[in-house]
Amino acid sequence: MNAEELTQVKVDKSVDARGTSCPGPLLAAKKAIGQIEKGQVMEVLSADEGTRRDIPKWCNKKGFEYLGTIEESGFFKILLRK
Amino acid sequence: MPQEAEQKTIEQKIEALEKQVKQLQDQRQDQLSMVVFSNDLDKILAALVIAVGAAAMDTKVKLFFTFWAISALKDKNKNAGGKKDFKSKMLGAMLPHSISNLKLSKLNMEGMGAKMIKSIMKKQNVASPEELLKTAAELGIEICICEMSMNMMGFKKEEMIDYPNLSYCGVATFLADAGESSIQLFI
């Protein structure tokens, strides 16, 4: 998915984990994923560069589809489909 | 007839293979077994971050606290109620009273370094060891305390923190759990 397509994705659930450092964002993502259905899209907002690498690994393990990351000013928007 | 016999051999082979696969699967579970040996602030922090991270990824986590690390599980508001002998009291007085006053393994500088690191952590929203331990409890991370080293250090069960999945065990429990874990660590 390219950058433009990524910004067009409809987000069903947004998790703001900008106030935490590793492993906070991962924990926040784990807690929130239970609140969406299979096929729905979740975004994780994190100011932590490490989370950007961590979330795809987590998706791979859990069988979620990692869609990509949008770089905003000072934080990342990491998108995945359950 | 020979064709039937051949089919039977293949079926038997498949059955044997299935058994082996199941055995292999049972041997290595999605589980992390960690020996926590040190009571240095930095090492306890590393151990807890890894443990909580693993639990966040739905890996089952078992922590084995032994030797110095046991002092990090003491509750400073509890006491052994006169059960301790002189040497145990001495050791207890010289070791950290809880997870809140651990020392850094480097640059501790009489506690100045530890204080500085904690203030930096707070500023950067890094969870404190106390918070991580609380999260660990919420995630169902199991903690097992080595009974032998606890007796050696003169610690009593009455002085340990309230933790939902806390038990006491020996080396065989760790080895059995580690044997079926896909990840084993010593910190």
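The following questions and answers concern the predicted model shown above. Because the model is predicted, local features need pLDDT of at least 70 and side-chain atom pairs count only at pLDDT 80 or more, while totals for chains, interfaces and linings use all residues. Residues are numbered from 1 along each chain as its sequence is written, chains are lettered from A and ligands numbered from 1 in the order in which they are written, and side-chain values use heavy atoms, with hydrogens and water left out.

User: In what order do the four strands of the open sheet in chain A lie?
Analyst: Strands here are DSSP runs of E with at least two residues, and helices are runs of H or I with at least four residues, both numbered from the N terminus. Two strands pair if DSSP finds at least two bridges between them. The pairing in this sheet of chain A is mixed, and the order of its four strands is 1-2-4-3.

User: In strand 4 of chain A, which residue is the bridge partner of V44(A)?
Analyst: Strand 2 (residues 41-46) and strand 4 (residues 76-81) of chain A pair in the antiparallel sense over six bridges. In strand 4 of chain A, the bridge partner of V44(A) is I78(A).

User: At about what angle does helix 3 of chain A run to strand 4 of chain A?
Analyst: Axes are lines fitted to C-alpha atoms, for helices over the stretch in contact, with angles from 0 to 180 degrees between N-to-C directions; contact means heavy atoms within 4.5 Å. Helix 2 (residues 24-33) of chain A lies across strand 1, strand 2 and strand 4 of that chain and runs at about 160° to strand 2. Helix 3 (residues 49-62) of chain A lies across strand 2, strand 3 and strand 4, and its angle to strand 4 is about 5°.

User: How many residues apart are K60(B) and E142(B)?
Analyst: K60(B) and E142(B) form a salt bridge, with the closest N and O atoms 2.9 Å apart; the term requires a side-chain nitrogen of Lys or Arg within 4 Å of a carboxyl oxygen of Asp or Glu. K60(B) is in strand 2 (residues 60-65) and E142(B) in strand 3 (residues 142-146) of chain B, so the pair links distant parts of the chain, 82 residues apart.

User: Which residues of helix 5 of chain B are buried?
Analyst: What covers the buried residues of this helix includes helix 2 of chain A together with helix 2, helix 4 (112-123) and strand 3 of chain B. In helix 5 (residues 129-138) of chain B, the buried residues are P129(B), L132(B), L133(B), T135(B), A136(B) and A137(B).

Conventions:
Buried means under 20% relative accessible area, exposed over 50%, partly exposed in between (1.4 Å probe, protein chains only).
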